[in-house]
Amino acid sequence: MVLNLDFLTSDDNSAANEVSSGSRDGELCLRFDVPSGNEFALPASGVREVMSVYFDRITPIPNASPYFLGTYNWRGQVIWVADLGQFLGDRVLVNTDQNEVSVLIVEEQELVMGFAVHTVANTEWLDIERVLPPDRQIPAAMKGYVKGIYSTGADRPELRLLDQVAILRSSQWTI
C-alpha cells in the first residue's frame with residue numbers, strides 16, 4: 001500500500017478534503033503512532049510517501065546505529081529505514097516478526113530517510129494557534145525533536161508535533 005502525497009501541492013481541494021479533517025487553516029500534518037501507542041504528527045510538506053514495506057525488502061546493516069532497521073530501495077535510491085519510536089526514546093520496538101511495517105518516507109533538501117512506525121492515522125489540518133511550546137513533560141530523548149504540543153481536546157491525548165529537519169539532521173544517527 002502506498003499513499004502518495006503529491007496532492008498536497010495540487011490546486012484541487014477535493015483530494016485534500018478526502019484525506020484530511022478540519023479546515024484548511026493551519027498546517028497539514030500526518031498523524032501516526034509508534035508501537036508504544038504514543039501519537040505524533042509530522043508536517044505533511046516533508047513526507048513524500050507512506051508505504052507498507054515487507055521486512056524482507058529491508059536489508060539489515062551490521063554494526064549500524066541501533067535505531068536503523070536497515071536500507072531499502074526506494075524508487076531506485078537506497079535509503080535508511082529507522083525505528084522512529086526507538087529513536088524518540090520509546091522502549092517498545094517495531095515488531096520485526098510481522099510481515100510488513102508502515103514506513104514514512106521523509107525528505108528535507110538532499111536528505112531522505114524512511115521512518116518505521118506502528119500505524120498511520122490520517123492527514124489533518126492543525127490550527128497553529130493551538131500548538132503549544134513543548135513543556136517539561138516531554139521525555140529527554142524527545143527534546144529537540146518536538147516542536148510543539150497540539151491540544152486535541154479532552155477526548156483524545158495531546159499530539160506531539162515533530163520537527164523532521166531536526167530528526168533528519170540529528171547527530172544520534174551516527175552513534
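Start by selecting R31 and E39: they form a salt bridge, with their closest N and O atoms 2.9 Å apart (a salt bridge here is a side-chain nitrogen of Lys or Arg within 4 Å of a carboxyl oxygen of Asp or Glu). R31 is buried, at 2% relative accessible area (buried is under 20%, exposed over 50%, partly exposed in between, with a 1.4 Å probe and protein chains only).

Before you move on, note that this is a predicted model, where local features need pLDDT of at least 70, side-chain atom pairs count only at pLDDT 80 or more, and totals for chains, interfaces and linings use all residues. Residues are numbered from 1 along each chain as its sequence is written, and side-chain values use heavy atoms, leaving out hydrogens and water.

E124 sits in strand β10 (residues 119-126) and R31 in strand β3 (residues 27-33), so the pair ties together parts 93 residues apart in sequence (strands are DSSP runs of E, at least two residues, numbered from the N terminus). E124 is buried too, at 10%.

Next, pick R75 and E49, another salt bridge, with the closest N and O atoms 2.3 Å apart. R75 is in the loop between β6 and β7, E49 in strand β5, 26 residues apart. R75 is exposed at 62%, whereas E49 is buried at 4%. Stay on R75 for its backbone: phi is positive, about 55 degrees, although R75 is not a glycine.

Last stop, N63, in the loop between β5 (47-54) and β6 (68-74). N63 also has a positive phi, about 65 degrees, without being a glycine, and is exposed at 84%.

Methods
Helix = DSSP H or I, 4+ residues; strand = E, 2+ residues; numbered from the N terminus.
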